[in-house]
Amino acid sequence: MTIKEQQDQIVEDFELFDDWMDKYEYIIQLGKELPLIDEKFKTDENLIKGCQSKVWLHADFKDGKLHFTANSDALITKGLVSMVIQVLSGQTPKDIADANIYFIDEIGLQSHLSPTRSNGLLSMLKQIKLYAVAYQAKSLQQ
Amino acid sequence: MSGNSTISTARKLDIERLRSEFPILQTTVYGKPLVYLDNAATTQKPASVIKVMNDYYTEYNSNIHRGVHYLSQKATAEYEIVRKKVQNFINAKHLHEVIFTRGTTESINLVASCFGRKFLKEGDSVMITAMEHHSNIVPWQMACEEHGAKLKVIPINDKGELLMDEFEQLLDETVKLISVTYVSNTLGTVNPVKKIIEAAHKQGVAVLVDAAQAIQHIPVDVQELDADFVAFSGHKMYGPTGVGILYGKEEWLNQMPPYQGGGDMIKTVTFEKTTYNDLPLKFEAGTPSIAEGMGLGAAIDYMEHLGVHNIAEAEGQLFSYAIDALQEIDEIRFIGEATERAASISFLVGKAHPFDVGEILDKYGIAVRTGHHCTEPIMNFFGIPGTVRASLSFYNTTEEIDKLVTAVKKAVTMLS
């Protein structure tokens with residue numbers, strides 16, 4: 001699926017829930033599906049700043065595509081990370097760098113998350129885009 | 001009341017009626033009645049405080065201490081009445097020992113800066129405790145760095161109580177000042193500040209009491225404590241933000257250099273030499289937060305009307321109720337179990353991250369604080385990322401505590 005298709009899928013999934021508690025439960029459930037980062041990559045360099053909870057993110061470049069693994073010490077955060085990774089993992093650096101991320105706004109997460117949490121989410125997206133730009137530059141050199 | 005230390009028989013407060021005096025307590029969040037349990041961060045304001053501030057801006061807004069005109073004289077008189085109210089409230093010996101600041105943080109910074117410049121030199125030390133708020137750590141680190149002094153820290157035990165034996169060991173001739181919180185914002189511990197002051201004074205050491213979390217819960221009598229400095233904020237005692245108090249004994253304040261330069265703190269200014277004003281204006285450079293000062297006055301009136309002893313009594317009962325009720329939750333772990341505690345209850349449940357718990361409680365309309373509460377050293381001591389903190393005020397009810405317990409249980413189910 002493309003990044004757009006992945007986002008539309010999430011937006012559609014969230015439309016099934018009326019109640020925000022159900023949405024939270026779904027987010028927590030998604031956290032359990034997160035491709036977990038290898039313990040050896042849980043280093044300070046892979047720690048994303050700007051979160052009240054900790055998030056570690058690792059990127060692997062394989063066959064021209066970026067694959068992300070991550071983890072967090074908080075479950076809601078883990079669920080949010082899981083959604084972002086579902087959308088962006090397995091895509092090319094160029095597609096990731098150019099991606100317009102709209103699903104967070106569309107499912108109304110921004111207004112429901114505490115500001116520290118949504119700031120954390122934004123710094124994670126920024127970090128992923130930085131990886132993408134870096135790998136894009138690297139692949140252009142090759 | 002007026003900071004009088006004689007224990008009166010507590011009068012039972014009519015909580016339902018008192019709640020109706022706080023407009024914000026009538027509001028809903030996410031369609032649910034607000035349950036406000038973040039009082040250690042800031043308390044809500046009664047209508048009388050809001051009205052006084054509004055009256056000032058509508059009826060006699062003007063700058064104080066300098067105008068010849070009617071409005072300025074009225075504003076000055078009202079503002080100075082507040083100073084008098086503060087003096088009575090904390091039982092200060094002299095009116096000029098009451099300094100208006102922006103809040104506790106500024107009060108502590110003022111002492112760290114001015115006491116430091118006058119009295120700290122290389123080889124000296126300043127003593128704090130392991131449970132201080134960052135505002136009572138960082139200003140002292142800065143002062144110590146500037147003057148080549150050392151920072152000593154009184155350690156705590158697993159219950160969150162000061163190790164008084166260690167304190168006595170640390171109290172040597174290098175110590176020039178001890179700065180200690182009266183009540184811990186994270187652990188709720190009520191520290192034996194009177195004992196600390198007595199021990200310190202035997203060696204001529206000054207003591208600053210951070211009363212930011214005490215002034216709204218327990219009677220504070222500066223003369224009975226014999227504290228050299230006491231700092232607190234208006235907004236944690238039902239008053240507005242932007243105004244706080246530094247109480248200092250006259251003999252210290254007179255010896256200390258001014259904090260900031262500017263209007264109000266001067267007597268005469270020439271390019272060659274400026275002479276400074278007398279206390280208290282010497283430490284009050286610039287136009288103060290006037291409306292907020294008026295609000296603080298109204299907040300003190302409000303607290304005195306209720307009676308600080310009555311507030312303490314009501315909060316003590318609610319605190320015990322809350323501890324018992326929370327204890328029912330499986331795998332709850334209290335962070336801070338001191339014998340003497342007030343108002344703040346920090347806890348963790350099972351493996352649930354405090355941030356997650358707080359976010360779910362929020363959706364039930366329950367306001368708690370999560371995180372390190374500006375006390376990172378405490379979190380490091382307990383080896384935890386943060387806590388969930390419920391902090392009480394007299395206006396909270398047992399029904400609200402029950403809602404908290406139910407919501408925490410629900411959050412734990414969701415997060416397991």
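Tutor: Contact here means heavy atoms within 4.5 Å of each other. We're looking at a predicted model, where local features need pLDDT of at least 70, side-chain atom pairs count only at pLDDT 80 or more, and totals for chains, interfaces and linings use all residues. Residues are numbered from 1 along each chain as its sequence is written, chains are lettered from A and ligands numbered from 1 in the order in which they are written, and side-chain values use heavy atoms, leaving out hydrogens and water.

Student: OK, how many residues of chain A are in contact with chain B?

Tutor: Start from the chain B side, which puts 14 residues into the contact. Their partners in chain A number 17 residues.

Student: Which residues of chain B lose the most area to chain A?

Tutor: Buried area is the accessible area (1.4 Å probe) that two parts lose on being put together, summed over both. Chains B and A bury about 1,400 Å² between them, 60% of it on carbon and sulfur atoms. On the chain B side, 42% of what is buried comes from three residues together: Phe355(B), Glu359(B) and Met414(B).

Student: Which residue of chain A forms a salt bridge with Lys410(B)?

Tutor: The rule asks for a side-chain nitrogen of Lys or Arg within 4 Å of a carboxyl oxygen of Asp or Glu. Across the interface of chain B and chain A it finds 1 salt bridge. Lys410(B) has its closest N and O atoms 3.5 Å apart from those of its partner, Glu25(A).

Student: And which element gives the most to the side of chain B that touches chain A?

Tutor: Helices (H or I, at least four residues) and strands (E, at least two) are DSSP runs, numbered from the N terminus. The elements giving two or more residues to that side are α12 (354–363), β16 (369–371) and α14 (398–415) of chain B. The biggest giver, with 5 residues, is α12(B).

Student: Now within chain B: how far apart do the C-alpha centres of domain 1 and domain 2 lie?

Tutor: The bounds come from an automatic or database domain assignment. Domain 1 of chain B takes in 8–46 + 308–415, and domain 2 of chain B takes in 50–305. Their C-alpha centres are separated by 27 Å.

Student: How many residue pairs are in polar contact across that domain interface?

Tutor: A polar contact is a pair of N or O atoms within 3.5 Å; within protein, one must be able to donate a hydrogen and the other to accept it, and residues adjacent in sequence count only if both atoms are side-chain atoms. The salt-bridge rule finds 0 across the interface of domain 1 and domain 2 of chain B. For polar contacts, with both residues at pLDDT 80 or more, the number of residue pairs is 26.

Student: Where is Asp226(B) found?

Tutor: Most residues other than glycine have a negative phi. Asp226(B) isn't a glycine, yet its phi is positive, about 65°. Its place is the loop between α8 (222–225) and β9 (229–233) of chain B.

Student: Last one: why are Lys94(A) and Asp98(A) separated by about one helical turn?

Tutor: Lys94(A) forms a salt bridge with Asp98(A), the closest N and O atoms being 2.7 Å apart. The two are separated by about one turn because, in helix α4 (residues 93–98) of chain A, their spacing is 4 residues.
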